[in-house]
Amino acid sequence: MQALQTQIDALIVKHQNMPGALLPLLHAIQDNIGYVPESSYTHIAKALSLSVAEVHGVVSFYHHFRTHKPGSHILQICRAESCQSMGSEALEAHAKKCLNVDYHQTTADDAITLLPVYCLGNCALSPAVMLDDEVYGRVSAADLDSLIAEAKV
Amino acid sequence: MTIKVYIPRDSSALSMGAEKVAAAIALEAKKRGLDIQIIRNGSRGLYWLETMVEVATEKGRVAYGPVKVKDVASLFDADFLNANDANVKPHSLSLGLTDEIAWLKKQQRLTFARVGITDPISLTDYLAHDGYKGLRNALQLSAADIVKTVTDSGLRGRGGAAFPTGIKWKTVLGCEATQKYIVCNADEGDSGTFSDRMIMENDPFVLIEGMTIAGIAVGATQGYIYLRSEYPHALVALNAAIASATEAGYLGNNVLASGKAFHLEVRRAAGAYVCGEETSLLESLEGKRGVVRFKPPLPAIEGLFGKPTVVNNVISLATVPIILDKGAQYYADYGMGRSRGTLPIQLAGNLKHGGLVELAFGITLRELLYEYGGGSATGKPIRAVQVGGPLGAFLPESQFDTPLDYEEFTKIWAVLGHGGIVAFDDTVDMAKMARYAFEFCAIESCGKCTPCRIGSTRGVEVIDKIIAGKDTVKNIKLVRDLSDTMLNGSLCALGGMTPYPVLSAMNHFPEDFGISKS
């Protein structure tokens with residue numbers, strides 16, 4: 001825990017003088033340690049002359065930020081209209097069933113966190129999913145199975 | 001002789017396995033002792049043909065697609081690297097000369113002139129394909145003349161609001177301030193749209209050039225690109241391009257030795273749809289919750305950190321270089337009515353041939369859906385299309401002859417928005433789509449104004465009753481009342497336009513709500 005805070009403090013020092021520093025800082029923290037621990041709010045607030053409530057307000061406003069450690073991989077399934085027109089609802093149901101989780105939950109083996117996403121910009125190749133930083137298009141249930149299997153290795 | 005092979009690095013191409021195809025082609029060439037150079041170009045936007053591999057020949061590039069890893073060996077067996085040899089029988093995936101593919105040839109690519117042709121992060125390539133001509137011309141003009149050129153071109157905000165770009169610039173130019181900003185709205189959150197992503201991944205320099213021209217025009221020295229977090233590949237491409245542009249003197253304290261400064265930085269958004277609204281975007285850039293601001297003051301007068309700020313969409317800014325290169329009239333000669341120039345249209349959803357079609361305003365939806373889109377992907381009749389993202393109206397078949405033009409769409413109570421077209425086949429349940437529109441608004445509402453914050457949740461509840469067949473007539477009336485409140489009482493377009501998909505679904509497809517057509 002101490003090591004984590006040291007890492008976060010270093011990121012705070014690196015970002016605190018940027019104009020509008022809070023979002024870039026939160027991104028840096030999440031990129032480096034996978035989430036934004038609530039225990040870091042006081043340090044962030046102090047460095048940026050904000051209240052803890054303001055930091056909490058920003059973290060909780062944006063869907064991208066999370067306050068708990070996610071699984072080793074993040075699987076996002078697009079729920080937006082274009083993907084709906086190509087059967088994403090069935091794909092969502094399939095993913096939830098075979099991972100045995102609902103959205104915003106992590107599989108029992110900590111391998112995959114399932115998240116909804118509203119458009120990945122891959123709408124000509126719907127339905128689309130994103131595994132970590134890679135997008136996949138025209139995804140069938142079988143494609144999703146192999147993606148999940150690969151991620152779990 | 002080294003043969004050039006082009007394999008896209010665009011994320012939609014990657015979503016169809018372009019990375020693996022590139023690796024397989026490199027490996028196969030090595031195995032066979034063939035001398036090839038693989039260039040990772042942008043995508044041409046014929047997405048159903050991705051991964052589309054192109055080979056440079058004397059007559060131009062020859063395309064193959066959709067190429068999968070399993071096709072690679074057979075491509076080499078068919079001598080695809082020597083496609084122009086008359087004795088070579090073309091591979092079954094051969095599409096002939098890329099420039100002759102009808103889908104591409106009929107387009108009028110101005111903003112997308114280089115997309116798919118160049119290596120996106122090569123400044124040399126950009127310069128070899130007319131890059132930075134616009135900025136060089138702009139540097140010869142007075143600030144007021146640059147703004148006048150943009151105004152005369154008729155360019156209107158391509159983010160969706162269609163406000164004349166030149167007028168916005170003029171307001172900022174007219175403000176006295178110690179600091180002004182150019183902000184690029186790259187928070188492309190509308191379902192069915194990907195043209196911003198394509199520009200940023202496939203021709204990032206054109207956006208950088210457009211923003212630099214904007215900075216020089218209005219006297220802003222700092223630019224920010226507010227990029228959605230769902231676009232990691234665009235982030236990499238933009239940062240690489242900004243680094244080379246800075247190194248070569250196209251950005252920095254002394255742009256092309258003009259004595260004028262312009263600095264550029266990419267800032268990542270964090271997955272809030274409402275931050276596509278310009279004032280909430282500015283709040284977010286300032287490091288706050290993306291809560292919508294009251295207007296006035298306009299961002300042009302009091303924008304980022306309270307300073308005069310130009311906020312433009314990616315496509316608007318990326319169109320500026322060609323206007324400054326070829327002149328206002330050249331651009332204004334395209335289009336119809338008050339919709340001048342071209343629109344990068346995105347064909348999405350249930351279509352056989354989805355992708356990027358840039359054309360002058362005036363083409364009809366029907367032409368786009370059938371001549372370009374090839375009809376539905378599932379082979380069933382197209383029942384509805386949603387134009388302009390999640391806040392756009394649903395249009396029935398009887399409105400497919402509407403030409404793409406801002407005013408023509410307004411006449412049928414619809415919007416063009418950012419030019420995304422999502423098609424649905426006859427299995428779509430429009431009551432479900434109306435419910436989703438309210439649900440999306442509830443998820444994404446910033447919470448500042450009541451019609452949007454509360455109305456969206458109440459909307460979901462009432463639609464659920466309609467779907468359950470409970471007091472249908474009474475509840476339809478309730479949805480209409482609620483929509484009226486949201487339309488007229490919301491602070492921004494999120495709450496203010498959610499009634500577009502809801503009411504259009506109800507008006508055009510009443511049978512899905514359990515009421516008769518009359």
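Reply: Happy to! This is a predicted model. Let us start with chain B, whose domain assignment lists domain 1 (3-105), domain 2 (123-332), domain 3 (335-425) and domain 4 (430-513). Between the C-alpha centres of domain 1 of chain B and domain 4 of chain B there are 47 Å.

Me: What does the domain assignment give for chain A?

Reply: For chain A the assignment gives domain 1 (2-61) and domain 2 (73-152). The C-alpha centres of domain 1 of chain A and domain 2 of chain A are separated by 29 Å.

Me: How many residues does each chain bring to the contact?

Reply: Chain A brings 35 residues and chain B brings 48 residues. On the side of chain A that touches chain B, the elements giving two or more residues are α2 (22-33), α4 (52-61), α5 (81-84) and β5 (134-136) of chain A. The largest share, 4 residues, is that of α2(A). By residue type, this side of chain A has 21 nonpolar, 11 polar and 3 charged residues.

Me: Now the open sheet of chain B: in which order do its strands stand?

Reply: The order of the 5 strands is β2-β1-β3-β4-β5 (chain B), and their pairing is mixed.

Me: What makes β2 and β5 of chain B edge strands?

Reply: β2 (36-39) and β5 (94-97) of chain B each have a single partner strand, so one side of each has no neighbour in the sheet. On average, neighbouring strands of this sheet are turned by 25° against each other, direction ignored.

Me: How do you know that β3 and β4 of chain B pair?

Reply: Two strands pair if there are at least two bridges between them. Strand β3 (residues 53-57) of chain B and strand β4 (residues 60-64) of chain B are joined by 5 bridges, so they pair, and they run antiparallel.

Me: Which helix lies across β1, β2 and β3 of chain B?

Reply: Helix α2 (residues 18-31) of chain B does, and it runs at about 170° to β2(B).

Me: Why are α10 and α13 of chain B called roughly perpendicular?

Reply: Angles from 65 to 115 degrees count as roughly perpendicular. The axes of helix α10 (residues 204-218) of chain B and helix α13 (residues 314-326) of chain B cross at roughly 80° and come within 7 Å. That angle falls in the range, so α10(B) is roughly perpendicular to α13(B). Among the residues making the contact are Val206(B), Leu207(B) and Met211(B) of α10(B), and Leu317(B), Val320(B) and Leu324(B) of α13(B). The residues of this contact divide into 11 nonpolar, 1 polar and 1 charged.

Me: What makes α13(B) largely enclosed?

Reply: 12 of the 13 residues of α13(B) are buried, so the helix is largely enclosed by the rest of the structure. The buried residues include Val314(B), Ser316(B), Thr319(B) and Asp325(B). Following α13(B) comes Gly327(B), which has a positive phi near 100°.

Me: How many residues of strand β14 of chain B are buried?

Reply: In strand β14 (residues 382-387) of chain B, 6 of the 6 residues are buried, so this strand too is largely enclosed by the rest of the structure.

Me: Which strands pair with β14(B)?

Reply: Strand β16 (residues 420-425) of chain B pairs with β14(B) in the antiparallel sense over 5 bridges. Strand β15 (residues 394-396) of chain B also runs antiparallel to β14(B), and 3 bridges join them. Gln386(B) takes part in both pairings: it stands opposite Val422(B) in β16(B), and its bridge partner in β15(B) is Phe394(B). The hairpin of β14(B) and β15(B) has 6 residues between the strands, and Gly388(B) in the turn has a positive phi of about 90°.

Me: Why is Gln399(B) called buried?

Reply: A residue counts as buried if 20 or more other C-beta atoms lie within 10 Å of its own. Gln399(B) has 21 within that distance, so it is buried. You will find Gln399(B) in the loop between β15 and α16 (406-411) of chain B.

Me: And is Glu38(A) buried, exposed or in between?

Reply: Exposed means 12 or fewer such atoms, and buried means 20 or more. Glu38(A) has 13 other C-beta atoms within 10 Å, so it is partly exposed. Glu38(A) sits in the loop between α2 and α3 (41-47) of chain A.

Conventions. Residues numbered from 1 in each chain as written. Chains lettered and ligands numbered in written order. Predicted model: local features only at pLDDT ≥ 70, side-chain atom pairs only at ≥ 80, totals over all residues. Axes fitted to C-alpha atoms, helices over the stretch in contact; angles between N-to-C directions. Contact = placed C-beta atoms within 7 Å. Domains from an automatic or database assignment. Nonpolar A, V, L, I, M, F, W, Y, C, P; charged D, E, K, R; others polar. Parallel < 35°, antiparallel > 145°, perpendicular 65-115°, else oblique.
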